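This briefing is for a reader meeting the structure for the first time. Look over the sequence and the model, then work through the points by topic.

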Amino acid sequence: MKVYYSIVEDYNLLERRNNLLDLTFDNLEKYNRILIKPNILGPYPPDRHVTTHPAFLDWILRYLIEVRGIERDRIVVGESSGFSTERAYEVSRIKDICEKYHISFLPFERDRSVKVKLLNTSLVISKTVMDSDLIVNLPKLKTHVLTRYTGAVKNLYGCIPGGLKPKLHKHFPREQDFAQLLVELYRFLVKGREIVSVMDGIWGMEGNGPSNGRPVNSKVVIASRDALALDILATYYIGYNPTDVLTNRILIGKRYNWKDDLDILEVGEDVKRRDLKDVPRIRFRKPLTFYLTSILPPFILKLIFSTMIEKPRIDRRRCRRCGVCEKICPVGAISLNNLEIDRRKCINCYCCHEMCRFNAIRLTRFL
Ligand code: SF4
Ligand code: SF4
């Protein structure tokens with residue numbers, strides 16, 4: 001599992017690291033349809049560091065078009081945000097970059113879709129995703145209140161259009177089940193096409209990510225043709241034991257020698273081979289939800305679940321009544337009439353926390 005990383009302090013310095021892309025992308029001429037999949041979680045401006053930075057996409061497009069000579073009509077940028085993809089595309093300034101290079105942007109909700117059955121559940125995937133023979137996956141380095149971390153494997157969840165994403169939490173309410181869904185989706189997608197991931201970790205997010213944590217200048221770009229290798233290195237870099245993250249754990253499976261399978265290369269002016277233990281680390285603060293779920297075994301968690309696990313609550317002073325949380329809650333637990341969350345219905349998927357742009361969903365533990 002080959003994985004490259006570079007320490008890059010600022011987006012202005014990316015041009016110097018074209019050698020990282022030279023190593024990551026092989027013969028690009030063989031691909032007919034290239035889909036670029038950034039993380040545009042919602043309508044957040046670049047300085048919130050929730051979405052893939054426009055300068056990062058600029059770097060990738062400039063490299064593909066100007067350095068590698070890929071024709072523009074073979075490339076499309078596509079995404080489905082949690083809500084309002086069109087607006088997210090504008091506010092995140094990804095639109096400006098697509099326009100600069102005359103590349104089309106496709107909100108997957110507007111695309112045709114293909115029905116797929118995964119884990120006995122029917123879901124749909126954008127047809128453009130299915131028709132692509134290369135996905136250039138551009139995740140953002142962030143912690144996540146439900147999945148602990150969001151990276152290369154998780155970013156592909158955005159290939160499912162629109163409102164279906166939060167709804168699937170109803171079918172996969174437990175963290176373990178949801179992680180299994182993410183893994184099956186990744187396995188399904190990678191079977192039919194190549195997925196090359198290049199992570200924007202120049203600025204990442206710690207704490208209660210993926211949208212309401214704290215931005216951190218984490219100074220790293222990680223790239224791999226193997227999403228698991230990228231996620232292992234990224235989670236190690238931010239201070240996790242990589243197997244703390246369930247998608248990593250499931251994909252590693254019984255490969256007890258997974259550390260030996262990693263081939264880590266640090267790309268600077270020269271390229272140096274590194275052991276995992278020699279990779280520098282920037283330890284991110286973990287989400288509030290991480291500690292209990294990592295310390296206690298599942299059967300104890302089940303017993304205390306209703307009392308001690310962090311639950312969402314609407315902060316009335318911050319809430320702007322935009323209605324997003326009410327709309328996306330998969331079990332209809334939120335009422336904006338009285339700004340209450342029905343705790344008997346809530347399945348703790350944290351979609352409301354993830355989608356609230358105003359940080360008005362608080363996570364509190366009730367004893
Ligand atoms: S809690 Fe957040 S998402 Fe929900 S209505 Fe208020 S501002 Fe909107
Ligand atoms: S209230 Fe929030 S955490 Fe609870 S089920 Fe609805 S979206 Fe998920």
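The model is predicted. The chain is divided into domain 1, residues 2-278, and domain 2, residues 296-364.

**Domains and their contact**

- The C-alpha centres of domain 1 and domain 2 are 26 Å apart.
- Contact between the domains involves 17 residues of domain 1 and 14 residues of domain 2.
- On the side of domain 1 that touches domain 2, 8 residues are nonpolar, 7 are polar and 2 are charged.

- Leu233 touches Val3, Tyr5, Ile222, Ile264 and Val279, when residues up to four places away in sequence are not counted.
- Ile60 is also one of the buried residues of helix α2.
- Cys352 is also among the residues that come nearest to ligand 2.

**Surroundings of the ligands**

- Ligand 1 has 13 residues around it, and Cys319, Cys322, Cys325, Cys356 and Ala360 come nearest.
- The shell around ligand 1 consists of 10 nonpolar, 1 polar and 2 charged residues.
- Ligand 2 has 14 residues around it, of which Cys329, Cys346, Cys349, Cys351 and Cys352 come nearest.
- The shell around ligand 2 consists of 13 nonpolar residues, 1 polar residue and no charged residues.

**Helix α2**

- Helix α2 covers residues 54-67, which is 14 residues, and reaches 19 Å from its first C-alpha to its last, close to the expected 20 Å.
- Its buried residues are Pro54, Phe56, Leu57, Asp58, Trp59, Ile60, Leu61, Tyr63 and Leu64.
- These buried residues pack against helices α1 (18-24) and α4 (94-100), and against strands β2 (34-38), β3 (75-79), β7 (134-138) and β10.

**Helix α8**

- Helix α8 covers residues 175-192, which is 18 residues, and reaches 27 Å from its first C-alpha to its last, where 26 Å is expected.
- Its buried residues are Phe178, Ala179, Leu181, Leu182, Val183, Leu185, Tyr186 and Leu189.
- The partners they pack against are helices α6 (152-155), α7 (164-171), α9 (227-237) and α10 (246-252), with strands β5 (113-118) and β10 (194-206).

- Ala227 is in helix α9, and it counts as buried because it has 28 C-beta neighbours inside 10 Å.
- Leaving aside neighbours within four places in sequence, Ala227 is in contact with Asn137, Ala152, Val153, Tyr186, Ile195 and Ser197.
- Ala227 and Met1 are 226 residues apart in sequence, and their C-alpha atoms are 9.3 Å apart in space.
- Gly323 is in the loop between β15 (311-314) and α14 (324-328), and it counts as exposed because it has 11 C-beta neighbours inside 10 Å.
- The C-alpha atoms of Gly323 and Ile334 are separated by 9.6 Å, and the two residues are 11 residues apart along the chain.

**Backbone features**

- Most residues other than glycine have a negative phi, and most peptide bonds are trans.
- Leu119, in the loop between β5 and β6 (121-126), is not a glycine and has a positive phi near 50 degrees.
- Leu119 counts as partly exposed because 14 other C-beta atoms lie within 10 Å.
- Asn359, in the loop between α15 (351-355) and β18 (361-364), is not a glycine either and has a positive phi of about 50 degrees.
- Asn359 is partly exposed because it has 14 other C-beta atoms within 10 Å.
- Gly209 and Pro210 are joined by a cis peptide bond with omega about 15 degrees.
- Pro210 is in the loop between β10 and β11 (214-216).

Methods
Residues are numbered from 1 along each chain as its sequence is written. Chains are lettered from A and ligands numbered from 1 in the order in which they are written. This is a predicted model: local features need pLDDT of at least 70, side-chain atom pairs count only at pLDDT 80 or more; totals for chains, interfaces and linings use all residues. A residue is near a molecule or strand if its C-beta atom, placed from the backbone, lies within 6 Å of it. Ala, Val, Leu, Ile, Met, Phe, Trp, Tyr, Cys and Pro count as nonpolar, Asp, Glu, Lys and Arg as charged, and the others, Gly among them, as polar. Domain bounds come from an automatic or database domain assignment. Two residues are in contact if their C-beta atoms, placed from the backbone, lie within 7 Å. Helices (H or I, at least four residues) and strands (E, at least two) are DSSP runs, numbered from the N terminus. The expected span of a helix is 1.5 Å times one less than its number of residues. A residue is buried if 20 or more other C-beta atoms lie within 10 Å of its own, exposed if 12 or fewer, and partly exposed in between; C-beta atoms are placed from the backbone.
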